[in-house]
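This report is written for a reader new to the structure. Please look at the sequence and the model below before reading on.

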Amino acid sequence: MRALVCSSLRGLEGVAPGALPEPHLGSGMVRIAVRAAGVNFPDLLMVSGMYQEQPELPFAPGMEVAGEVTEVGDDLDSLSIGDRVTAYLPHGGYAEQAVTTHEKVFPIPDDMPWDQAAAFPIVYGTSYHALTDRASLTVGETLLVLGAAGGVGLAAVQIGVALGARVIGAVSSEEKERAVREAGAIEVIRYDREDLRTWMREMVPGGVDVIYDPVGGDITETAFRSIGWGGRYLVVGFAAGSIPSMPLNLPLLKGASLVGVFWGRWAAMNPDADHANFTALVRMWGEGRIRPMVTATYPLEEAASALRSLGSRSAVGKMVITP
Ligand SMILES: NC(=O)c1ccc[n+]([C@@H]2O[C@H](COP(=O)([O-])OP(=O)(O)OC[C@H]3O[C@@H](n4cnc5c(N)ncnc54)[C@H](OP(=O)(O)O)[C@@H]3O)[C@@H](O)[C@H]2O)c1
């Protein structure tokens, strides 16, 4: 089958369009004819040999897909051939076919377009889990989202707004600022040209209740200093490339919590709760309260360009690959 093939762990140098054997369907698994695959930052980390779980070479990157079920393991009766689904998987999404375990497959509404369905499970799954299960965000609280125009960031902005929070986004360009305002943020700080700490001190003197951080690096400690009493700081990722350290008197002084978020691991341990979250998210989608912002679609042959765009920090919202 056609796929984007990673044959050496050299980032974009090591990937090219090519062919891979059709994936094996084990028991409890589902085969999907891929209509669209979502692009995520961990795909770039994986082809660079920097992700926490590395598949054997050669492999196709891609952790989420949307498409039709074409085969189900003989022990399964919850899904049928022809079902429209979205799904996540360890890797292998940038290909004509993908297989994954049935717990990671979710039926989608008839009117959900393929590109939106492919851009759905990881970013909304992560951000909903972070803001509800981990941070217990409540109506009227203030939420600061760093990297707010990225994949998980924009999902966090939309979900925060849908949950009734007052959302502030932090971004590095005018184009990203527009996207975050469109997603419902009441304020956007441009940290490429304004000092985050000064801005926060003026605009939110009491500090924010929840901070969502998929960026890491130098911004983390600065952002933490803007948290309010009893705040929750969500450690989501390190797109800036470095894992920050921080003096532990900072959480002490604010009575604040530093909260780790590892949605994939949590979902594997709590599949029923993950499905309940997905049901809530599909309801929000049906009510028009969340919408994946798909800003670019690439054919499989040009999938590397999508990864390049993530690496250069120029991507806004979500990109999808269409095999
Ligand atoms: N914990 C979990 O369960 C979980 C789940 C999914 C993803 N993640 C992690 O979340 C992070 C974001 O993933 P994503 O798919 O949303 O990525 P993305 O779409 O590329 O967004 C990342 C954002 O980070 C900011 N950024 C700052 N420095 C950057 C740099 N040097 N290179 C690239 N971006 C930089 C950018 O916003 P500005 O330019 O506005 O700063 C960018 O929009 C990744 O580290 C990923 O591994 C974690």
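## Strand pairing

In strand 13, Val-259 is the bridge partner of Leu-234. The model is a predicted one. Strand 13, residues 257-260, pairs with strand 12 in the parallel sense, and 4 bridges join the two.

Strand 12 (residues 227-235) also pairs in the parallel sense with strand 11 (residues 208-213), over 5 bridges. Here Ile-227 of strand 12 stands opposite Val-208. Together with helix 7 (residues 219-224), strand 11 and strand 12 make a β-α-β unit, which is right-handed.

## Two domains

The chain is divided into domain 1, with bounds 2-120 + 292-322, and domain 2, with bounds 123-264. The centres of domain 1 and domain 2, taken over C-alpha atoms, are separated by 28 Å.

Contact between the domains involves 9 residues of domain 1 and 11 residues of domain 2. On the side of domain 1 that touches domain 2, 5 residues are nonpolar, 2 are polar and 2 are charged.

## Surroundings of the ligand

There are 29 residues around the ligand, and those that come nearest are Phe-41, Gly-147, Gly-150, Gly-151 and Gly-237. Two or more residues of this shell are given by each of helix 1 (41-47), helix 3 (121-134), helix 4 (151-162) and helix 9 (263-269). Helix 4 has the largest share, with 3 residues.

By class, the shell around the ligand consists of 17 nonpolar, 10 polar and 2 charged residues. Domain 1 and domain 2 each supply at least three residues to the shell.

Methods: Residues are numbered from 1 along each chain as its sequence is written. This is a predicted model: local features need pLDDT of at least 70, side-chain atom pairs count only at pLDDT 80 or more; totals for chains, interfaces and linings use all residues. A residue is near a molecule or strand if its C-beta atom, placed from the backbone, lies within 6 Å of it. Ala, Val, Leu, Ile, Met, Phe, Trp, Tyr, Cys and Pro count as nonpolar, Asp, Glu, Lys and Arg as charged, and the others, Gly among them, as polar. Domain bounds come from an automatic or database domain assignment. Two residues are in contact if their C-beta atoms, placed from the backbone, lie within 7 Å. Two strands pair if DSSP finds at least two bridges between them. A crossover is right-handed if, with the strands pointing away from the viewer, the path from the first strand over the helix to the second runs clockwise.
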